[in-house]
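This report describes one protein model in plain terms. Look at the sequence and the structure first, then read on.

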Amino acid sequence: MPRSFRLTLVLVAFVIGLAQSAHAQLDNIWTGTTSTNWSIASNWSRGSIPTNADNVRIPRAAILPSLTAASVARTITFIDSLSASASATLTMAANTLTVGVAGFAGDITLNNVGAITATTGTISLTIGGSLTINSGGSVTFTGAGAININGNWTNNGGTFTPGTSTVTFNNNTTAQTIGGTAASQTFNNLTINKAAGILLSVGGSTTSLTVNNLTETLGNFTAPATFNVNGNVTLTAGTFTAGTDVNVAGNWSRATAAVFTPGTGTVTFNGGAAQTLNGTSATQTFNNFTVSKGGGTLTV
């Protein structure tokens with residue numbers, strides 16, 4: 001083998017080794033040595049509270065982390081370690097958790113037994129950060145918390161319990177998706193607040209989406225085949241493209257700056273109480289329009 005070729009191989013191996021070492025040094029693993037407090041340095045493998053330069057890893061542990069102040073990380077991964085402990089759970093109340101740093105997507109990945117339990121806290125996935133809930137993983141809100149997501153939402157057989165929370169998709173430059181292997185997914189308040197013309201779509205194996213309220217502030221939204229809204233539809237700006245069936249149990253409001261593209265689908269108003277179809281738009285257009293109410297009147 002030529003000497004120059006051997007030298008090249010050595011240099012490549014050295015560079016790869018440096019990259020792997022640098023990545024490993026970024027890992028900050030929860031140990032729970034001292035307490036449940038995320039903000040105590042001795043609870044972490046690096047002996048320091050996570051910064052937005054750290055890839056946080058939360059394994060199964062006897063003592064699990066709880067947020068007591070605004071906290072940050074570069075990424076967060078919940079891992080199914082070999083520990084006999086029951087879960088790898090992060091608990092948060094009225095605190096903010098911000099994930100991501102310039103140049104690196106702030107991803108959160110929940111694997112088997114990985115869990116986030118929150119009340120009124122806010123989770124922000126920035127720089128294109130995505131949320132992935134794999135089988136056995138879960139995110140549970142018990143109150144009016146919030147998730148602001150700049151990347152994709154992927155549910156691969158995990159569990160999302162929305163409580164009275166709001167999930168906002170807010171990437172202003174790149175399309176986003178709600179998808180995964182789950183055939184159906186449920187949110188409480190779903191908000192699209194993206195730049196004009198930037199799309200949120202529903203894909204993967206997800207063909208049915210249920211929300212309590214839909215708010216499209218700006219940006220485009222393409223619904224799946226079945227889209228159930230148990231409360232109100234508020235279209236302020238952007239384009240809402242329907243799938244096969246849109247079922248609305250509350251009010252429908254479309255502003256002049258908003259566009260509804262019905263395709264060949266059916267919009268059904270099916271609330272059990274009074275409903276209104278209004279907004280600042282002088283005219284509204286549907287393909288198939290069905291009123292199938294259990295009570296009350298639909299007023300235009």
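Trp153 is in contact with Leu131, Ile133, Ile147, Phe160, Val167, Phe169, Thr177, Ile178, Gly179, Gln185 and Phe187, leaving aside its neighbours within four places in sequence. Contact here means heavy atoms within 4.5 Å. The model is predicted: local features need pLDDT of at least 70 and side-chain atom pairs count only at pLDDT 80 or more, while totals for chains, interfaces and linings use all residues. Residues are numbered from 1 along each chain as its sequence is written, and side-chain values use heavy atoms, with hydrogens and water left out.

Trp153 also belongs to the largest nonpolar core, which has 58 residues; Ile147, Trp153 and Trp252 have the most contacts inside this core. Strand β6 gives the most to the core, with 3 residues. A nonpolar core is a set of buried Ala, Val, Leu, Ile, Met, Phe, Trp, Tyr and Cys residues joined through side-chain atoms within 4.5 Å. Buried means under 20% relative accessible area, exposed means over 50%, and partly exposed lies in between (1.4 Å probe, protein chains only).

Helices (H or I, at least four residues) and strands (E, at least two) are DSSP runs, numbered from the N terminus. Two strands pair if DSSP finds at least two bridges between them. With strand β3 (residues 66–67), β6 pairs in the parallel sense over 2 bridges; here Leu67 stands opposite Met92 in β6. With strand β9 (residues 114–118), β6 is joined by 5 bridges, and these strands also run parallel.

Thr89 is found in β6, and its bridge partner in β9 is Ala115. Is Thr89 buried or exposed? Thr89 counts as buried, at 15% relative accessibility. Its side chain is joined to that of Ser87 by a polar contact of 2.9 Å. A polar contact is a pair of N or O atoms within 3.5 Å; within protein, one must be able to donate a hydrogen and the other to accept it, and residues adjacent in sequence count only if both atoms are side-chain atoms. Leaving aside neighbours within four places in sequence, Thr89 is in contact with Leu64, Pro65, Phe78, Ala115 and Thr117.

Another set of strands forms an open sheet: 11 strands in the order β4-β7-β10-β13-β16-β19-β22-β25-β28-β31-β33, with parallel pairing. The edge strands β4 (71–73) and β33 (298–299) each have a single partner strand, so one side of each is left without a neighbour in the sheet. Within this order, β28 (residues 252–254) and β31 (residues 275–278) pair over 2 bridges, and Ser253 stands opposite Asn278 in β31.

How many salt bridges does the structure hold? The structure holds 2 salt bridges, a salt bridge being a side-chain nitrogen of Lys or Arg within 4 Å of a carboxyl oxygen of Asp or Glu.

| Salt bridge | N to O distance |
|---|---|
| Asp54 and Arg46 | 2.5 Å |
| Asp80 and Arg60 | 2.7 Å |

Asp80 is partly exposed at 34% relative accessibility, whereas Arg60 is buried at 19%. In the other pair, Asp54 is buried at 3% relative accessibility, and Arg46 is partly exposed at 42%.
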